[in-house]
Amino acid sequence: MTSPNEAFVAFEHVQKSYDGVSLVVKDLNLAIGKGEFLTMLGPSGSGKTTTLMMLAGFETATHGEIKLDGVNINLVPPHKRGIGMVFQNYALFPHMTVGENLSFPLEVRGMGKSEREAKIKRALDMVQMGAFANRRPAQLSGGQQQRIALARALVFDPKLVLMDEPLGALDKQLREHMQFEIKHLHESLGITVVYVTHDQGEALTMSDRVAVFNDGRIQQLAPPSDLYERPENSFVAGFIGENNKLQGTVEEIGQGTCTVRLATGEVIDATPVNVTQKGQKTLVSIRPERVEYKPELFPAGAHSIDAEVLEFIYMGDMFRTRLRVAGSEDFVIKSRNTQGQRMLRPGEKIKVGWHPQDARALDP
Amino acid sequence: MADVSQAPLQTADGRPLKAALAKAQARAKRRAFLLVLPLLAFVLLTFVLPILQMLQRSFYHDGFSANAPATVAWLEEHPQGSEIDETAYAALVSDLAAMQKAKTAGAAGTRINYTYPGTISIFKEAAREAAKLQPPYKAALVALDKKWEDPLLWVTFRHAASPWTTDFYMVSMDLRRSTDDGLQRAEPEMRIHLQLFVKTFGLSALITGLCLLLAFPIAHLLAILPMRKSNLLMILVLLPFWTSLLVRTSSWIALGQESGIVNDILVGIGIVADDNRIQMMYNKYGTILVMTHVLLPFMVLPLYSVMRVIPPSYARAARSLGATSWTTFRRIYLPQTLPGIAAGSLLVFILAVGYYITPALVGGADGTLISNLISFHMAKANWSQAAALAAMLLVLVLILYWLYDRLIGIDRLKLG
């Protein structure tokens, strides 16, 4: 993607501790390119919000350097960083009208009245809220407040905009709609966006790249498709989407492929991701929708293993079938509800198989 | 269902919906009313009635009108401006003689004394002599005391002839009657009320301002600290409430008096000369100091309750939008604490305006407030004068309250 010396935002060996005992952020290295939409995704307490707050200037890094456009900003106070920010609960000033809220960042920059008005109008039109300049935030719906918060973060033309779970308070439908709007704004304005969320769907939908945080570290930094299809460790595989996990030991390992003997004795095919030699313990991860149960679809020469249907759930567009595979009772397969698709019955004995590249042998 | 909007809605069995609803709720309403009835009765008996009675007293005094019927009758027959002739004096002497029998000369004299000082003694003297006086009565009375022929005295009688009067308010506003029945300002040495009102409101405003200055940082600290620490500090703020006001005030005297601890320390470290100790108590500085301390919690609590619910993200948002910390405070934080500032100031000011114990104990001569004068009049049984002053205080406070409602809105009042 971007090499550190041309990065617009760069974290270099950044550490953060609140109590002097434990690290909330452990040796963070991250380079964000100009115009990129980067999402920090992770469970709560993973360090993603702390990282965002360090970038915004509300927290200071305990160690390491944070650079913006090549300049170290560790000691620059938040108001001099020129970074737009959208907060979780919007943080619209309740005692000001929408217009005054948008005018605030321009006034503190000493901008003249006519220029301010032009910029406010442009920003409000950008989020289709042109008619609401004289309302108070309390008179707006959640979605409208969200748009105003967005407009306020953009009105002073920042090069970098941070968003801290901005859609968390909206209902599902509105959230999905706003995801696309934010995405489109990002594309049309060419700004750099750093977005924090714990919603993986949001992360996959909007981002150029996603940084998955856990335990103060970036577990994987990759475009959404790579993250989903090629998770690099078992945390990412487990955190992003649903997946089946099989414990085993590496039996054979070759160029880009390996076989794994499961605890119950069966042998399966997999792609080695972070296993390197025979005899290593591994956790094989397979996406439910990549598991085949029709023998004609099994790849030639690949292993297949026995399974027993435990439960069949009709979900409308999908079927979800829970199987017992190699002693595990929560092996799930998903199949599309296509014309003529067979509904499996509980108790039925079948065989399941998959393409070796869909099964990833990860750290145990 | 289009026809439903035409006719009033009805229940399934054909009764009007509104009546049915009222009936269904009547029982609950009755019970709710019965529950608040004891409190309502209590408030009426102990709050509303005394205030109404106080207001009545401030307009009513029958000390003269009830005890001088003949003089009152003469005044009713002769309009303002009539010559005070011998018949008037004859009526007055007959009244004085009756007063001597009923021992009411003091009461009548007191009533006149409010607006014409120095009359209690001449009433008592004249009443003693009344039975022995011979016509012409005017000359006889004037022989006793020159004041009896003062036209102003008779103007005063005319206003005291009815028990209903605004004379007490006139006195409270440092006004007096002139001989031609007009109003004029009282003699300079008698003008004490307005000055005291001004001083009371001025000192109260100063104390409110000091409380605000001191309470704002405390309340902010309480609001941003973690719950456990802020609870501990809150106990310190509330601690004074658990000590008697008298004890707290006395402690201040022990601290601040001329031979008190503070002065001892200042002398000890050589800041103040031993023969030039600071006068902190028994003057208005004592009143300001102690009342600021006593009233501080009443400012902290409303401020705290408002500040606690201001999310820190507002300040962060302002900072990220480019505002310095000062601008953030001035334009974002301060405006949002306004309901707390207003509520605390209103509370402290109203309490200060009517404060009694503290100024009485540490106020000395120049640190006493209007409530101390009211108390003085009550101690002298000058109920009507005390009531008039108290009513004026009440009206001034109600005006403040009304202003608060107009400017901030009473529904935004948060007291903790």
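Me: How many salt bridges are counted between domain 2 of chain B and domain 3 of chain B?
Reply: This is a predicted model, where local features need pLDDT of at least 70, side-chain atom pairs count only at pLDDT 80 or more, and totals for chains, interfaces and linings use all residues. Residues are numbered from 1 along each chain as its sequence is written, chains are lettered from A and ligands numbered from 1 in the order written, and side-chain values use heavy atoms, without hydrogens or water. A salt bridge needs a side-chain nitrogen of Lys or Arg within 4 Å of a carboxyl oxygen of Asp or Glu. Between these two domains the count is 0.

Me: Which helix gives the largest share of the side of domain 2 of chain B that touches domain 3 of chain B?
Reply: Across this interface, 6 residue pairs are in polar contact, both at pLDDT 80 or more. A polar contact is a pair of N or O atoms within 3.5 Å; within protein, one must be able to donate a hydrogen and the other to accept it, and residues adjacent in sequence count only if both atoms are side-chain atoms. Helices (H or I, at least four residues) and strands (E, at least two) are DSSP runs, numbered from the N terminus. The largest share, 4 residues, comes from residues 167–172 of chain B, helix H8.

Me: How far apart are the centres of domain 2 and domain 3 of chain B?
Reply: Chain B has domain 1 (2–59), domain 2 (69–190) and domain 3 (193–412), with bounds from an automatic or database domain assignment. Taken over C-alpha atoms, the centres of domains 2 and 3 are separated by 46 Å.

Me: How much area do chain A and chain B bury between them?
Reply: Contact (heavy atoms within 4.5 Å) takes in 22 residues of chain A and 16 residues of chain B. Buried area is the accessible area (1.4 Å probe) that two parts lose on being put together, summed over both. Carbon and sulfur atoms hold 67% of it, and the total is about 1800 Å².

Me: Which residue of chain B meets Glu59(A) in a salt bridge?
Reply: Between chain A and chain B the count is 2 salt bridges. One joins the side chain of Glu59(A), at 3.8 Å from N to O, to that of Arg316(B).

Me: What percentage of residues 9–240 of chain A is helix?
Reply: UniProt lists this range in an unreviewed entry as "domain: ABC transporter". Strand makes up 24% of the range, and its end C-alpha atoms are 25 Å apart. The helix share is 36%.

Technical notes: UniProt positions renumbered as here; feature names shortened; annotations may be inferred.
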